[in-house]
Amino acid sequence: MIPYKTIIKLDKDTKQALYLQVANQFIELIKKGMIAPKTKLPSSRLLAETLQVHRRTIVAAYDELILQGWVETIPKKGTFVHRDLPILKQKALGSLSKGVHKERIGFSFNKEPGIDFPVFDKKENFLYINDGTPDARLAPLPEIAKIYRRIAAKKRSIPYATYHSTYGNPELRQALAQYLNQTRGLRCTKDNIMITRGSQMGIYLLSQLLLQEKEYIIVGETNYIAANITFLNRGAQLLRIPVDHNGIVTEAVEELCEKHPVKAIFVTPHHHHPTTVTLSAERRLHLLNLSQTYGFAIIEDDYDYDFNYSHAPILPLASHDKNGNVIYIGSVCKAVAPVYRIGYLVAPKPFVDECAKLRRFIDRQGDSLLEYAFAYFIKEGGMERHLKKTLKIYKKRRDLFCTLLKTELKDYFNFEIPKGGMAIWAMLNAKYKWEDLVVLSEKHELEIGNWQRYDSAKIGHNGIRFGFAAYNEEEIHEVIHRLKQSCLGLL
């Protein structure tokens, strides 16, 4: 006789009904093989007495088990575990030390190429070095929420609460077309724009459409690591070119095109990621001419176009493109706040159409109502006001961060003051190692993170990005103080 009284435990204080507790525990006993197929279960009256519950509870539990197919009732004989249930096969995990849990994986899967991205499990009292993120405390959350509430209350917004276009909200596409034409000199229409969930989705989609296994894409020796990993995920081959104070070396692009059938090049010409340098006018025109000559696509990631402190923004490559070679991507994640997963991809209409088709495989659509709200946010001048405010704040933070880094840590770091963006490119003195500094920084509650991602080409430049925009003045002083205390341990 199975000791049901000891193995079935009922909790009368939980919200789950008692009959479901009984049914679920019977299911577990059957799955574990403790109750075999064809086993006769106790009568409802006997089990009710054993568990000290009302008979109706057991009747309801048996009914649930019958409904789910775990047990069956045979007239005049009783209730039995279903005869056709297969025995669930389970592999032993082997001996494990006390307190150690090993997660079961009963299937094979492919591992993604590249490095691991950081897990945001922040420790109390720690400060974190980032590679150039906005300060979410400055985000115009109340203004955007007010717009969202306003449009959500209108009947004409109801269609956006159901399934909608994979291209994105049409009002936002129209608003972005006008905004990008006015601020960046583009000549696009709504039909040239697809809304994405951030620029990363755009990079993924275009990598799938532009590249086949083993085909070539050119990237900088220093480059945005997420883009590199996306191209490697597609199976593409990366051809790396040097980057100097004038941006990517386009002469090297031409040399590679003579040797290989290059399909695309990925660039961040406004503020090269990660070094922050700007692609010179001469090289911009050279790159556009090369794309026409050799027929490759230029993927232009203009991730922080709006933040320039020494001069007006330089117009993107897409504004000079006369032949449809440039795919322009950007997002509001950096301009406003990362929580708003709204990006855009601007390209010739046939390519946008294919991106919209491909999107269905990974994401049916974006948040149409939020996109609708951002259309109003842009049209009513909210974006312009926000950028004007944050530009002044980030410039002050850049100046303070660079001043302190130069005065307090000049023996450890070399850098140039960036003309724009939200980060500086700092080179650690060659006689020191980042792996040592990372360990020392932990002791001073400063997290530097995965510094290796900045040198995926393994050229040994010894540099990383220090973001400054996300810290207020007090925090900047504290970051530099902890960094200095950590550096002193290198001596």
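Two strands are said to pair if DSSP finds at least two bridges between them. Helices (H or I, at least four residues) and strands (E, at least two) are themselves DSSP runs, numbered from the N terminus. In this structure, strand S11 and strand S12 (residues 343-346) pair in the antiparallel sense over four bridges, and glycine 330 stands opposite tyrosine 344 in S12.

The model is a predicted one, in which local features need pLDDT of at least 70 and side-chain atom pairs count only at pLDDT 80 or more, while totals for chains, interfaces and linings use all residues. Residues are numbered from 1 along each chain as its sequence is written, and side-chain values use heavy atoms, with hydrogens and water left out.

Isoleucine 265 has isoleucine 298 of S10 as its bridge partner. S10 also pairs with S11, in the parallel sense and over four bridges; here isoleucine 298 stands opposite valine 326 in S11.

How many residues of strand S11 (residues 326-331) are buried? Six of the six are, so the strand is largely enclosed by the rest of the structure. Buried means under 20% relative accessible area, exposed over 50%, and partly exposed in between (1.4 Å probe, protein chains only). In a regular strand the side chains alternate between the two faces of the sheet. In S11 both faces are covered, with Val326, Tyr328 and Gly330 buried on one side and Ile327, Ile329 and Ser331 buried on the other.

A nonpolar core is a set of buried Ala, Val, Leu, Ile, Met, Phe, Trp, Tyr and Cys residues joined through side-chain atoms within 4.5 Å. The largest core has 95 residues, of which Ile265, Val336, Phe374, Phe413 and Phe466 touch the most other members. A second, separate core of 25 residues includes Phe231, Ala264, Phe266 and Leu345. By contrast, lysine 406, in helix H13 (residues 382-409), is exposed, with a relative accessible area of 57%.

Some backbone details deserve attention. Most residues other than glycine have a negative phi, and most peptide bonds are trans. The peptide bond from histidine 273 to proline 274, however, is cis, with omega near 15 degrees. Proline 274 lies in the loop between S9 and helix H10 (281-294), and threonine 276 is found in the loop between S9 and H10 as well. Threonine 276 has a positive phi of about 75 degrees although it is not a glycine, and it counts as buried at 12% relative accessibility. Glutamate 445 likewise has a positive phi, near 55 degrees; this residue counts as partly exposed, at 30% relative accessibility.
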